[in-house]
2 protein chains.
Amino acid sequence: MKIQTPPGMRDFYPAEMRLQNWLFRHWREVSRAFGCEEYEGPIFEYLDLYTLKSGPGIVSELFNFEDRGERRFAIRPEMTPTLARMVAARANTLPRPIKWFSTPRMCRAEKPQRGRLREFFQWNVDILGVDDVLADAEVIAVAIEFVRRIGLSERDVVMRVSSRPIAASVLAGMGITSDEEANRAFGLIDRYDKLGRDEFRRQWQEFAPAVDCDRLLAHLEQTDLQQSLGLAEAAGPAGEAAAKQFEELWQRLRQFQVDSYCAFDLKVVRGLAYYTGPVFELSARQGGLRALLGGGRYDNLTQLLDGPSVSGVGFGMGDAPVLELLTELGKLPALSAGLDVFVIDAGSELFPKAVEITSQLRRAGFACDFSYKRQAIGKQFAQAEKRGARLAIVVGAELAESGQLTVKDMRTAQQQAVAAAELLADPVSTLGAMR
Amino acid sequence: MKIQTPPGMRDFYPAEMRLQNWLFRHWREVSRAFGCEEYEGPIFEYLDLYTLKSGPGIVSELFNFEDRGERRFAIRPEMTPTLARMVAARANTLPRPIKWFSTPRMCRAEKPQRGRLREFFQWNVDILGVDDVLADAEVIAVAIEFVRRIGLSERDVVMRVSSRPIAASVLAGMGITSDEEANRAFGLIDRYDKLGRDEFRRQWQEFAPAVDCDRLLAHLEQTDLQQSLGLAEAAGPAGEAAAKQFEELWQRLRQFQVDSYCAFDLKVVRGLAYYTGPVFELSARQGGLRALLGGGRYDNLTQLLDGPSVSGVGFGMGDAPVLELLTELGKLPALSAGLDVFVIDAGSELFPKAVEITSQLRRAGFACDFSYKRQAIGKQFAQAEKRGARLAIVVGAELAESGQLTVKDMRTAQQQAVAAAELLADPVSTLGAMR
């Protein structure tokens with residue numbers, strides 16, 4: 001019986017796995033560089049955890065099931081509910097700020113279609129327990145340091161930054177004052193890039209015919225921060241406070257030295273209702289500003305879980321979109337299996353000695369291998385080459401005669417005789433000098 | 001509404017996560033040292049993949065569910081079926097030997113009980129596509145190099161090695177000749193450690209009253225390899241071949257320099273029917289030989305999936321048992337968050353400069369942080385200490401005056417003035433010399 005990979009799921013053969021590991025290594029190293037600590041949670045949670053945050057509509061998007069005790073679970077579709085649960089459970093003892101990251105695997109019950117993944121990984125960074133915009137600037141800086149490290153410049157990506165309170169003040173200045181109306185307006189503005197100007201205008205007329213759509217569009221599309229802040233300030237004290245906070249955020253972005261990647265963009269509001277402060281989206285410039293990452297400030301993340309009030313700011317970045325962008329830009333790294341040493345025998349009677357030497361090098365920390373087939377030296381060298389080994393060590397008859405091994409640098413093809421005793425007593429210095 | 005961690009699942013807060021990462025790092029580094037390449041698969045597979053290998057009885061042990069297309073899936077309870085599927089799909093193109101490892105997350109629908117996990121991680125190492133016992137010896141050597149690296153000696157653990165064909169020959173010599181009977185006998189022998197001598201004897205009498213149980217026990221309990229091999233040889237040509245192969249395996253274990261961890265033990269047969277050659281189990285000496293890892297040679301892994309015949313040898317090691325053993329032995333490592341530098345401001349007006357310096361150090365690859373609260377230097381030093389920072393850098397008024405920063409080694413408490421320009425131009429050498 002032939003069985004396939006389930007639809008929307010991926011197999012990672014070694015070549016794809018090397019790329020995943022490269023991506024994860026950068027996610028982790030950048031997070032740690034910023035003093036963030038890693039956490040993880042279970043692959044499935046009680047279904048209630050998701051309906052509590054997103055309403056019963058979420059159920060059809062989840063892989064959910066019962067156990068024999070008739071408890072209902074769902075494979076996690078995002079990390080935020082788990083984060084909220086974990087923080088709520090220890091809200092009174094965790095030292096502040098809580099600077100955490102994770103790289104969870106998660107699933108969504110998407111309709112299986114080409115290119116639509118049901119399983120993916122997502123880098124999450126959150127700073128919780130501080131209201132200071134310093135935290136907002138810092139999570140934005142983590143994201144930008146990551147794209148910088150993987151070779152994406154300001155010409156490739158842009159971090160579009162805005163603020164819910166500023167957008168709300170601008171809308172209030174135009175007569176949209178209730179929270180409910182504002183949330184509906186945000187929902188529409190969030191889809192602006194997808195809808196296009198004409199369709200946006202049509203839907204806006206339906207939603208709020210009394211509000212001049214041209215004036216709104218002029219506000220949304222202008223990119224002068226000071227003008228937008230002025231509009232917000234004119235809308236009253238809430239707007240003034242929001243403008244002041246946003247200026248401070250921008251100053252912090254400069255101190256973090258990431259402002260060259262940032263652009264103010266009032267059209268970024270993020271769809272989710274739970275954002276309450278600055279919001280941001282990292283977009284690829286190529287191909288119509290596809291979002292690579294989105295986040296923002298949320299307040300009272302833990303409230304739904306009966307925890308003490310904890311505010312925070314964070315983002316999530318999927319693995320697939322950024323790898324696609326790197327592929328399109330021709331910026332994928334060339335990754336080899338990274339073998340340090342390939343040990344070659346000059347005759348099958350020397351193979352046991354080759355295994356011993358290999359074992360000693362492995363124990364010393366080297367990634368080291370040998371051929372499983374007993375074959376001519378040339379064929380073994382070809383294997384060493386194929387496996388990407390940096391050095392080859394030939395175990396020959398002279399080992400018994402003079403105690404020597406031949407070490408070959410596979411890049412320069414230079415060979416050198418080395419005393420086996422010396423090499424095995426201190427392989428790190430002996431071989432290190434040759435790499 | 002308060003929502004708990006699902007029963008049998010674990011949350012990994014930063015302290016637990018550091019330990020998981022430490023374990024995973026060793027799993028990965030050891031695997032790579034042996035030239036194994038990492039692979040991964042989806043968190044759930046078609047349910048058929050598991051019933052095909054283990055029969056319909058497995059279904060109740062799995063978390064399984066349908067998608068809207070009424071396909072039935074199950075969260076993976078082990079990695080071998082995924083490995084078989086992936087290898088079968090590319091059996092004709094993958095270069096041999098296939099030396100692969102993985103550290104998958106998996107779930108089993110255990111009855112929720114204290115200490116019984118529903119979700120765990122398992123290190124899998126497999127060498128496929130070669131019939132040579134060199135591969136059997138090498139996977140055993142990977143496992144032993146791992147325990148050696150995490151500080152477990154021959155006094156803590158033992159790798160009990162046996163062989164299905166030898167055990168079968170010994171049984172055949174006692175009159176148990178059919179495959180079916182032999183498999184039932186293996187099932188009973190596999191439970192010997194759990195049952196104890198008396199209960200084993202009772203069950204054996206029921207199963208095979210004609211076979212002298214005392215003689216069998218004498219065979220099972222004696223640890224002299226040569227005697228057991230002699231018994232196997234006496235049982236005929238199959239036994240002779242098995243004995244010869246096993247002697248070769250033992251020679252290879254010596255060449256891999258891991259024989260001091262190994263003991264021949266005919267009682268190790270592994271429950272699963274699919275093992276066909278050498279089998280092994282790594283056991284903790286303390287607490288009655290609890291298994292930390294089990295594995296062996298299997299043939300035709302891919303046969304059930306209509307793939308070309310591929311034999312192999314491999315093992316799986318769960319994360320929880322080995323961490324429990326380390327805890328019991330007091331051998332858990334002390335792990336800190338591992339911050340390189342903590343940047344301190346000597347006054348809130350200097351904080352923007354501290355943020356800039358932090359950003360530059362992070363960009364240079366250092367894990368670096370600062371206090372979110374503007375507070376006295378002493379309190380910031382206390383934070384640096386608490387976060388496990390190795391160095392603290394104080395940004396004081398002298399930065400503007402003489403361009404200098406103070407660098408303090410947090411272990412020795414030695415302080416040193418450093419030119420900021422020099423430090424920021426080449427932080428790796430400037431700070432590296434101080435660590």
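Which residues do ring pairs link into a cluster? I put this to the model, which is a predicted one, and found that the cluster comprises Phe44(A), Tyr46(A), Phe63(A), Phe65(A) and Phe73(A) together with Phe44(B), Tyr46(B), Phe63(B), Phe65(B) and Phe73(B).

**Entry 1: the sheet in chain A**

I next traced the strands of chain A and noted an open sheet of 3 strands in the order β2-β4-β3, with antiparallel pairing. At its edges I found β2 (44-46) and β3 (64-66) of chain A, each of which pairs on one side only. From one strand to the next, the twist averages 35°. Looking at one pairing in detail, I saw that β3(A) and β4(A), the latter spanning residues 72-75, run antiparallel and are joined by 3 bridges. I also looked up the bridge partner of Phe65(A) in β4(A), which is Phe73(A), and I note that both of these residues are listed in the aromatic cluster.

**Entry 2: the helix across the sheet**

I then turned to helix α2 of chain A, residues 47-54, which lies across β2, β3 and β4 of that chain and runs at about 70° to β2(A).

**Entry 3: aromatic pairs**

I looked up Phe246(A) and Phe264(A), whose ring centres are 5.6 Å apart and whose planes stand at 75°, which is over 60 degrees, so I record the pair as edge-to-face. Because Phe246(A) lies in helix α10 (residues 237-255) and Phe264(A) in strand β9 (residues 262-264), both of chain A, the pair ties together parts that are 18 residues apart in sequence. Phe246(A) counts as buried at 2% relative accessibility, and Phe264(A) likewise counts as buried at 5%.

For chain B I looked up Phe44(B) and Phe73(B), whose ring centres are 5.1 Å apart with planes at 50°, so I record this pair as tilted. Phe44(B) belongs to strand β2 (residues 44-46) and Phe73(B) to strand β4 (residues 72-75) of chain B, so the pair ties together parts that are 29 residues apart in sequence.

**Entry 4: lysines over rings**

Which ring does the charged end of Lys408(A) sit over? I found it over the ring of Phe381(A), 4.5 Å from the centre. I also checked Lys99(A), which lies over the face of Phe370(B), at 5.7 Å from the ring centre.

Definitions and conventions. Residues are numbered from 1 along each chain as its sequence is written. Chains are lettered from A and ligands numbered from 1 in the order in which they are written. This is a predicted model: local features need pLDDT of at least 70, side-chain atom pairs count only at pLDDT 80 or more; totals for chains, interfaces and linings use all residues. Side-chain values use heavy atoms; hydrogens and water are left out. Two strands pair if DSSP finds at least two bridges between them. Helices (H or I, at least four residues) and strands (E, at least two) are DSSP runs, numbered from the N terminus. Axes are lines fitted to C-alpha atoms, for helices over the stretch in contact, and angles run from 0 to 180 degrees between N-to-C directions. Contact means heavy atoms within 4.5 Å. Rings of Phe, Tyr and Trp (its six-membered ring) pair if their centres lie within 6.5 Å; planes under 30 degrees apart count as stacked, over 60 as edge-to-face and the rest as tilted. Buried means under 20% relative accessible area, exposed over 50%, partly exposed in between (1.4 Å probe, protein chains only). A charge sits over a ring if NZ of Lys or CZ of Arg is within 6 Å of the ring centre and within 35 degrees of the ring normal.
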